[in-house]
Amino acid sequence: MDLTLKVWRQPNANTPGQIVTYAAKNVSPNMSFLEMLDVVNEGLIAKGEEPIAFDHDCREGICGACSMVINGLPHGPQRGTTACQLHMRAFKDGDEIYIEPWRAKPFPVIKDLIVDRSAFDRIIAAGGFISVGTGSPPDANALPIGKEVADLAMDAAACIGCGACVAACPNGSAMLFTSAKVAHLNMLPQGQPERDERTLKMVSQMDAEGFGNCTNYAECQAVCPKEIDIQFIAKMNRDLIMAAARHGTKKGTGKTEAL
Amino acid sequence: MTLDSKIPEGPLAEKWDNHRFKMKLVNPANKRKHTVIVVGSGLAGASASASMAELGYNVKCFCYQDSPRRAHSIAAQGGINAAKNYQNDGDSVLRLFYDTVKGGDYRSREANVYRLAQVSVNIIDQCVAQGVPFAREYGGVLANRSFGGAQVSRTFYARGQTGQQLLLGAYQALERQIGLGKVKMYPRTEMLDLVVIDGQARGIITRDMITGKIESHAADAVVLATGGYGNVFYLSTNAKGCNVTAIWRAHKRGAFFGNPCYTQIHPTCIPVTGSHQSKLTLMSESLRNDGRIWVPKEAGDKRHPNDIPEAERDYYLERKYPSFGNLVPRDVASRNAKMVCDEGRGVGESGLGVYLDFRDAIKRLGENVIRERYGNLFHMYQKITDENPYQVPMRIYPAVHYTMGGLWVDYNLMSNLPGLHVIGEANFSDHGANRLGASALMQGLADGYFVLPYTIGDYLASAKPKAVDTSHPEFKRVEDEVKQRINRLLSINGSRTVDSFHKELGEIMWNYCGMSRDEAGLKQALERIPQLREEFWNDVRVLGGADTLNQSLEKAGRVADFMELAELMCTDALMRSESCGGHFREESQTPEGEALRDDDNFAFVAAWEYTGPGQVPVLHKEELDFEYVQLTQRSYK
């Protein structure tokens, strides 16, 4: 099939970008979306034009690197699917496809379709962990965890940190991402000692990065390639209220963290 | 120069304990005076960085991805082995050790493998404490499954995303240390060379992938945790960015390369659909527990699989290996798939595929049971191929998956270059000539959490590296070399893209240094690769500049190194005229066509020394002594 691509091209963060039109000819329905872009890029190089830059790595839907808005939807039209696992059979001959980067203030564009998502790492560094050094923890089976709890924690932990939730949200909120990690760790018995501190610190970092608030559009859940449930946002909000009630302030607990 | 593996004295079970006692310690107050560079943030790199930072060292960690969480360890599906014996089915450290040495076709070091089996139990404890959501039983205890043909259930898993969850555990520990200021993280930064001063590894040269800035970093020790080099074949299950550059540069600076030709080819991947194919997707080998593998008896039979009657199907694994059937190890399953396709009996449009059929299992157990066991895999298969595996047999074909070879290291995980440590898939590893399922995650975390943090202290306390900073002229010299190379790549402005060269190299490697190899083919490859390399350096087209984000330039540098590595792999494969593990030499087979080892002549690790561009590398042999395991011919008949 033959397609028309309308692709966001932007040389760097300081130069304005624009939509550029490219023809994609003889596209096989068996290609992945990124393979289609590979072929277009080979053609561009042959013509002496710089190829379209986009983030990608594992190409099997798990690393979370790929990040493009396809016809207005992060990762494109297929539910529960990253752009790298989207195949061209989802499109038809003659289609016009708009391809843009994630659009959110905390995710500045680096080049073309590549954005800076380091804000997510900083949210994790603020408290998205259990403070246990390498050493001699108790035997793994010393702490039984009910299957339901373990399964639900796994549902939350399945987040790949791609940022589609932020790109889809009219508020540019990172609550689905943050709450997935808060819920994963706060649900488990190992996560209890730092439960309040974790919630306060991660939410505080999320705010500091400039992400918006949740107003229940639920677009994040609709575009999430791992179909993370917005119930985790509700869980995080409950934990946040409890933590704030216990510690008075939303801006961190004033506790010193042991190394 | 003789290779000293530094295997500690004493009985096997006591070696690691004795060694830990004998190793020197760095005083806690002095640890903060040492800086260690870690390149790579996968299971090995992230766990090592976090653990060393916890001890007090200053760590600089580098990765080419935009976040350490995206390292390719994340894609491992199946699970992680540990000798916990939670299932009371007779597992033990000794059994895991034995299975791993045998599975590796007796080409690994006994002492290393035993230590791996010993610390496997600590890994599971550590990961659970971090909050890794392993699968559990209703009573709350951890669930296990058997995997990769093991006779005990020792594999721990988190749905089909075990690698992801283990990596996120290590990543979170790493982010904690980043938050505490003990680790400085450099994402989107690629190591382009190693700096050696007075015979010690003292730093690296990197390129900032956003600004193009070339920078020097000095340290008291360098740790490479940069994964495998399967992408030399172009098509593999590796992530697109996986590359050999870090270890290849270190090799060219003096580190020996161990067993470069040992490549694992995984039997159950989704077949190639066309020339646009950019990578291959693995389907967990657990599918072979219920699926039956077959091809039509007649070559060129193009009928729909459901129209081919039972009598005209060849269930070749069941026919040839009645006792193991479809569950033969990875190397045997892969080689047989290639054989039937070479006979013209392959299926699918390309003829490079075999059927993996669940019809009988669905008949026996019902579709619901199959859905429960493999639902997510069937879903993934359907997403990629648009075929419903409940109704039509899956098509599978082998693909490059893992490289057992890598930089040679001693028992302390240090290469022959003092100060250069290599961990995880990047070293020549504990897997011998063939890795067992669910053992890669185990090794990466064993190295990073429980081995390197001890041995690095011993190195720093004994070698007492002198203070060096990036003002040393050697840094400037290597920086200039790196810049020159980049400028050269950008100035060729030829007619072919980087990918076209990479694909051509991959084809040569797949045809001549892939699932089975022979002398004539390898010699042909050794003639062709240098020609292709020359064409590359004369005719590659890399657009854009050096001081900007330039993905073509990144790829070009990596492919240039693959071109050199490919030659070493073929040289190693040609030298090893026996068949062993993932390395099948046509000239060395039993009368029934099975792999035939030659223990008298090849029970050694091949460690290659780089001697200069275009020069023949020098082979050093580390003889393998087997004190505890008796060498036998593997048989799955």
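This is a predicted model: local features need pLDDT of at least 70, side-chain atom pairs count only at pLDDT 80 or more; totals for chains, interfaces and linings use all residues.

User: Into which domains is chain A divided by the domain assignment?

Analyst: The assignment gives domain 1 (3-111) and domain 2 (118-247) of chain A. Their C-alpha centres are 29 Å apart. To the contact between them, domain 1 of chain A gives 18 residues and domain 2 of chain A gives 16 residues. On the side of domain 1 of chain A that touches domain 2 of chain A, nine residues are nonpolar, seven polar and two charged.

User: Which domains make up chain B?

Analyst: Chain B has domain 1 (34-264 + 402-463), domain 2 (267-399) and domain 3 (473-598). Between domain 1 of chain B and domain 2 of chain B, the C-alpha centres are 32 Å apart. Their contact takes 13 residues from domain 1 of chain B and 18 residues from domain 2 of chain B. The side of domain 1 of chain B that touches domain 2 of chain B has two nonpolar, ten polar and one charged residue.

User: How is a contact between two chains described, and how many residues of each chain take part here?

Analyst: Interface size is often expressed as the accessible area lost when the parts come together. Here the description rests on residues: 64 of chain B are in contact with 66 of chain A. The elements of chain B that each give two or more residues to this side are α3 (43-55), α5 (110-130), α6 (162-179), α11 (367-385), α12 (440-463) and α16 (551-575). Of these, α6(B) provides the largest share, nine residues. By type, the side of chain B that touches chain A has 23 nonpolar, 25 polar and 16 charged residues.

User: How do I read a sheet, and what is the order of the four strands in the open sheet of chain B?

Analyst: Strands of a sheet pair through backbone hydrogen bonds, in parallel or antiparallel fashion. In chain B the order is β16-β10-β18-β19, with antiparallel pairing. Strand β10 (residues 257-258) of chain B is joined to β16(B) by two bridges, and Gly258(B) stands opposite Gly406(B). Helix α16(B) packs on the sheet, touching β10, β18 (604-609) and β19 of chain B, and its direction makes about 145 degrees with that of β18(B).

User: Is Lys555(B), in that helix, buried or exposed?

Analyst: Lys555(B) lies in α16 of chain B. It counts as buried because it has 20 C-beta neighbours inside 10 Å. Lys555(B) is 53 residues from His502(B) in sequence, with 9.2 Å between their C-alpha atoms.

User: Why is helix α2 of chain A described as largely enclosed?

Analyst: Eight of the ten residues of α2 (residues 118-127) of chain A are buried, so the helix is largely enclosed by the rest of the structure. Among them are Phe120(A), Asp121(A), Ile123(A) and Ile124(A). The buried residues of α2(A) pack against α5 (175-187) and α6 (195-208) of chain A, together with α6 of chain B.

Notes: Residues are numbered from 1 along each chain as its sequence is written. Chains are lettered from A and ligands numbered from 1 in the order in which they are written. Domain bounds come from an automatic or database domain assignment. Two residues are in contact if their C-beta atoms, placed from the backbone, lie within 7 Å. Ala, Val, Leu, Ile, Met, Phe, Trp, Tyr, Cys and Pro count as nonpolar, Asp, Glu, Lys and Arg as charged, and the others, Gly among them, as polar. Two strands pair if DSSP finds at least two bridges between them. Axes are lines fitted to C-alpha atoms, for helices over the stretch in contact, and angles run from 0 to 180 degrees between N-to-C directions. A residue is buried if 20 or more other C-beta atoms lie within 10 Å of its own, exposed if 12 or fewer, and partly exposed in between; C-beta atoms are placed from the backbone.
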